[in-house]
Amino acid sequence: MKVITVPCLFDNYAYIIVNRKSAEAAVVDPSEAWPVMRELDKRGLALTTVFCTHHHHDHIGGIDDLLEVYDDLRIIGFGQDQQRIPLITEALEDGGEFFLWDTRGQLYHTPGHTTNSVVYHLGDCLFTGDTMFGAGCGRLFEGTPRQMAASLQRISSCSPQTSLYFGHEYTALNLRFAALLEPDNQAIQARQQKTEQYRASNVPTSPSLLEEELQTNPFLRVTEPKLMAYLKEHHALQADDPESVFALVRELRNTFS
Ligand code: ZN
Ligand code: FE
């Protein structure tokens, strides 16, 4: 499956999924229409489908403008969020399956960033919205640490070869935070170097491989003894169950800059 990463707004990414045979395309989280339309036009693609991961404007803000240009768009989203995303034409439930051309996909409800955030699993691609980022995860605007930890656990259980397409370019800062918590983790250091090179030439760090996230993303590493030891020593971690570790890591990340 061919996926084109489209930078939008300041640090958002929309993703165009291409059907080469029919010259049709789908888009995930179009925060604005014009960068998406420019890519579609350049490649002679017709947009048929939109995927929404959650209701925030920097993920669905471009849909109205796309509707002015493309008729009959299929707009896929989570049934429980239809009130906040009234443009949805195809509402799916948790675990709900859909077809994009010949490829079977599935929606997973992943609460945490918002109550009704979802991710889309399509082939070996996972579109994570603001649930998970490169070496990080979304802020808990509506959900609890317990919910977000469970949502990330669900993502972690996908094949390690899954490509993760995330909603924002926060990877460099996330890795600086990760390196602080795990100073001896060489995978984090290697990823930091790679990320610096990418960003210096303005190349997106998305997609990443789940395999790499499992080695470098502190939010997926809440059972790591060294990470827990660091938190006990420097931040008075009380309980060492995954939820408590997750909650503390999230809290520390909120004020890290
Ligand atoms: Zn968001
Ligand atoms: Fe966002």
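Biologist: What spacing along the chain do the donors of the iron ion (ligand 2) follow?

Modeller: A donor here is an N, O or S atom within 2.8 Å of the metal (3.2 Å for Na, K and Ca); water is not among the atoms, so sites may look incomplete. For the iron ion (ligand 2), the spacing is D-H-x70-D-x37-H. Asp58 sits in helix α2 (residues 57–60) and Asp130 in the loop between β10 (125–129) and β11 (132–133), so this pair ties together parts that are 72 residues apart in sequence. Helices (H or I, at least four residues) and strands (E, at least two) are DSSP runs, numbered from the N terminus. This is a predicted model: local features need pLDDT of at least 70, side-chain atom pairs count only at pLDDT 80 or more, while totals for chains, interfaces and linings use all residues, and side-chain values use heavy atoms, leaving out hydrogens and water. Residues are numbered from 1 along each chain as its sequence is written, with chains lettered from A and ligands numbered from 1 in the order in which they are written.

Biologist: Which residues are the protein donors of the iron ion (ligand 2)?

Modeller: They are Asp58 (OD), His59 (NE2), Asp130 (OD) and His168 (NE2), lying 2.1 to 2.3 Å from the iron ion.

Biologist: Which residue coordinates both the zinc ion (ligand 1) and the iron ion (ligand 2)?

Modeller: Asp130 does, and the two ions are 3.2 Å apart. The zinc ion (ligand 1) has His54 (NE2), His56 (ND1), His113 (NE2) and Asp130 (OD) as protein donors.

Biologist: Is Asp130 buried or exposed?

Modeller: Buried means under 20% relative accessible area, exposed over 50%, and partly exposed in between (1.4 Å probe, protein chains only). Asp130 is buried, at 4%, and His54 is buried too, at 1%.

Biologist: How do I read two packed helices, such as α5 and α6?

Modeller: Two packed helices are described by the angle between their axes and the distance between the axes. Axes are lines fitted to C-alpha atoms, for helices over the stretch in contact, and angles run from 0 to 180 degrees between N-to-C directions. Here α5 (residues 171–181) and α6 (residues 186–200) pack at about 155 degrees, with their axes 10 Å apart. Angles under 35 degrees count as roughly parallel, over 145 as roughly antiparallel, 65 to 115 as roughly perpendicular and the rest as oblique. α5 and α6 are therefore roughly antiparallel.

Biologist: At what angle do α5 and α9 pack?

Modeller: Helix α9 (residues 242–254) packs with α5 at about 125 degrees, their axes 11 Å apart, so these two are oblique to each other.
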